[in-house]
Amino acid sequence: MHLAYPAVLAVLLFCTGLYGVLARRNAILVLMSVELMLNAVNLNLVAFDVWLRDTLHAGQALTLFTIAIAAAEIGIGLAIVLLVYRNRGSSDIDRLRDLAETTDAADGEPQPDTTAEAAA
Amino acid sequence: MTLAATGHGFLSPSGVEIAFVLVGIATLGAALLTVTTRQLVHAALWLVVALGGIAVEYLLLTAEFIAWVQVLIYVGSVVVLLLFGLMLTKAPIGRSPDADSGNRWAALTVALAAAAALVWVVVDAFRATWIDLDRAVQGSTEVIGRSLFQYWVLPFEALSVLLLAALVGAIVLSRRTGEGRAAAAALDNGAAPAPAPREEQR
Amino acid sequence: MTLTTTAVLVPLLPFLGAVAGLLLGRRAPGFVRPLAVLPTLAAAVLTVVVAVGQGTGPATDVATELTPTGSIPIDLSLHLDGFAVLIAVLVGTVATCVQLYSTGYLRHDPRYASYAALVSLFTSAMLLVVYTGDLMVLLVGWEVMGICSYFLVGHYWETEAARAASLKAFLVTKLGDVPFLFGIFALATDAGTFRITGILGSVADGGLHHPTLVALLLLAGVAGKSAQFPLHTWLPDAMAGPTPVSALIHAATMVAAGVYVVARLLPVFAASAAALVVLAVMAAITMVGSGLAALAQDDIKRVLAYSTVGQLGYMLGALAVGDRGAAVFHLISHGAFKALLFLGAGVIIHAAGTNSLAAMSRMSGLARRIPDAYWTMTVALLALAAIPPFAGFFSKEAVLGAAEHAATGAAHGIPGAAGWTVLVSGLLTALLTAAYAMRLWLRVFRGKGAEAPDHGRQPVVMNAVLWVLFLPTAALGLAAPLLPRWFDGRSLAPTLTTSVLGTGVALVGGLVTYAAWRHTSALAARTPIGAVVADPDAGPEAAEETAIATHAPVYGDNAGAADPADPGRLLLGPLQPHAAVGFHLDALYTALFVRPVRAAATLVRFLDGAVVDTYVRAAGAAPRLLGAAVRRAQTGNVQTYLGALLAGSLLLAVAAVLVATGTGA
């Protein structure tokens, strides 16, 4: 079998997950997209392991680890999403904007600067 | 090995290749539906299809153990977890018009550009590479188990510690802190993610 | 004590007194007077001891090098000869007199402590200049004197005139000091040493490469310090300082420092005939111009100031004809009688409550109120006018004799033109000097009108000082036969020709002025002018400060007054308004220097405000705009951030691949 088939499939799956991460609004859907990306990587690992016939089977062992870590990630991630939902009543990612530059700060901050300069 | 691939062309595919491509198309379609559907629960179900398809691809690549682990953990528990999550956050059943956020077009651009670049690089690099599937089986349970407990014992144990930490973390995060709300409710919420890691251990 | 130790103590004592006075002035007011008077008095006594010890023997030279300073060594050295020790005696005596006088004159002044300390510091610096044998150390004393003069002229800094005068004095003297410094450097580079003896030895060996250049550079500094044309304009204005300061600094000592330096370095000047001619012309212009200006002044102290400028011109004239004995003789006698004149003027200003001659001439009985000042000033004015047998006669005749000597070609190496210039201008100045001395005396002591206000008796210490200074004023002429042994050995006795000529023109000047006064004094009663603003019971320093501050508002000018009863007005005719303002030299300087500098400052200010600040403001505004733009990107949406991040890394990856495969490069 050509290596190009699994490799290209992995690439396309990865980019699909990428789109999902960037475009989805619900945090749980974002997590699903992350799972897709992880699976694309796993597919690559298995394909290259089979192609290279590694005696240590590093690729497949790593795939197993990745699966375990992904599971842990989904557990923690869901717990965080739950917490956010409980605190805010929503799990929409684009509404969690506490780190944004607020408008009043934008208006208030330069004020002392201009006065200081005018004085100087 | 690469030299051995010279005899194989893309225009005369083998049976395994045909099966791989067909399953791959199905998987990709399911994945696309997962990230585009407006019904949240459907997204989870399409995810099941996609993950199952990947498990089949593992089988076609002769990695049978990985394939079964994939089915067990992903299809069996992760998706269930996601469904629990959807329900606990009171996700709407049916079509929700605002499933996608405002920067969908930017995301599409980035994703397509990334796909184009990566496909170009991968095809450019591996178009002549051939995987010889007819030799000794690579991913049988015996082979993987031997390798895992012979060479990879230490990372394996470290991973169990990580899972334990994730378990504790999930409980702590999802417990209702402070007020004396019903401990049962806390247990209820905390229990949801908790079984998953334990399940994954084997 | 050896001669050297004594000589070192002379500048040191007033210096320590000044330091102690500055430190203790506020905390222990009781010590201020002793600290001001005693070190100066001790220094004066020690100068006499040094003079006796040095005697007429060969010059004493002691030097010690503190530390190597590079190419040309700087030594702490003493050079004691007849000139130095006698001038030191003069400085010590006048300084002591001034300190004593100040205890009476400024007894109520709140700033007396710092004033006295500065006078002590000034005395110390002047004694250092006189005794040192090293040009660099001399420059140190020279500059310390300059800064003391600045502070003391500005003593009444509440009045506008004093502030302006102190700045003007400082700037103008500094203008001369810069070329002076270069002159010293040039001299030391040629001679390889800063020691005066070494330099003179080098000059004698012909080691001086640019004598004219060096002499002219030094002359600039001398003109600034000794108030010679064209840098003399600060001295009349400096009269805004307290009278004792005028007596000490601006009559007897500091202004004489320039003369003294030229006397010490006379061989350098004598090496260049051009420099001597320049010196002679400068002295001549100064003498005649100041004589005319003195005749037109209304402020009594400004009359004396212009008179000082003129007498310094005599001294430099004597040096221009190569006779430093005559110059230093005139320096000493002039120091004595000019100090007396100034101190007497202080008494008069206090008694009359004004410094305006116009106001005094409408006041009768001033002479009766202050008999001590009347008699001593009369004699001092006679000395100033060079009437025998007072000190001024002998010293001025020595100068005129030396000029005649040079004019007839009898002096070796001196251009005859210099001699003639000095002789003619000297005689003309003798006429003018007698005229303005007579005018001063008549207007102050022969006024007609209301009775002078009664301030009671003047402080005893002030009158006593007048009599102390009266002695050398009256009798220094007797020393004329003794002095040549201390100096270069050339005779200082008056010659018949110049004596007759000089005394003759002086008498003519006096008599003409008297006649003019008889003619004009009748007008005085008809034209009421002048006002006495000072509080009759105020202390002398307060009276003087008020007089200085009110002269311009009352008469429209600091210098002159439009008084038809002024005999000077009749004598000068159309020249009078020009002479009153010092022949418009200040206006010329304003047009030549002050206005361009102000315009340049305005331009610089405009450039700074309009051009430089624009860049500064832009440097601030550009980052702020940039910040505002960047802030728009901070939406708080994690997906946007992630998208941008991935797009960027994608671009980087593609670029890296292109570079690695060589297709893009």
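In this predicted model, a helix is a DSSP run of H or I of at least four residues, and a strand is a run of E of at least two.

**Figure 1. The annotated span of chain A.** The unreviewed UniProt entry records a "transmembrane region" over residues 61–85 of chain A. In the model, residues 61–85 of chain A are 100% helix and 0% strand.

**Figure 2. The contact between chain A and chain B.** Here 61 residues of chain A meet 81 residues of chain B. On the side of chain A that touches chain B, the elements giving two or more residues are α1 (4–23), α2 (27–52) and α3 (58–88) of chain A. The most comes from α3(A), which gives 20 residues. Sorted by class, this side of chain A has 44 nonpolar, 11 polar and six charged residues.

**Figure 3. Helices α2 and α3 of chain B.** Two packed helices are described by the angle between their axes and the distance between the axes. For helix α2 (residues 40–60) of chain B and helix α3 (residues 64–88) of chain B, the axes come within 8 Å and cross at roughly 175 degrees. An angle over 145 degrees counts as roughly antiparallel, and α2(B) and α3(B) are therefore roughly antiparallel to each other. From α2(B), the residues making the contact include B:L40, B:A44, B:L47, B:L51 and B:Y58. From α3(B), they include B:E64, B:I66, B:Q70, B:Y74 and B:L86. By class, the contact of α2(B) with α3(B) has 19 nonpolar, two polar and one charged residues.

**Figure 4. The contact between chain C and chain A.** Chain C contributes 12 residues to this contact and chain A contributes 13 residues. On the side of chain C that touches chain A, two or more residues are given by each of α26 (585–633) and α27 (638–661) of chain C. The largest share of this side, five residues, belongs to α27(C). The residues on this side of chain C divide into three nonpolar, seven polar and two charged.

**Figure 5. Confidence of the prediction in chain C.** Chain C has a mean pLDDT of 84, with 96% of its residues at 70 or more. Among the elements of chain C, the lowest mean pLDDT (73) is that of helix α23 (residues 540–555) of chain C, and the highest (90) is that of helix α4 (residues 112–131) of chain C. The model has scores of ipTM 0.80 and pTM 0.67.

Technical notes
Residues numbered from 1 in each chain as written. Chains lettered and ligands numbered in written order. Predicted model: local features only at pLDDT ≥ 70, side-chain atom pairs only at ≥ 80, totals over all residues. Axes fitted to C-alpha atoms, helices over the stretch in contact; angles between N-to-C directions. Parallel < 35°, antiparallel > 145°, perpendicular 65-115°, else oblique. Contact = placed C-beta atoms within 7 Å. Nonpolar A, V, L, I, M, F, W, Y, C, P; charged D, E, K, R; others polar. UniProt positions renumbered as here; feature names shortened; annotations may be inferred. pLDDT = per-residue confidence, 0-100.
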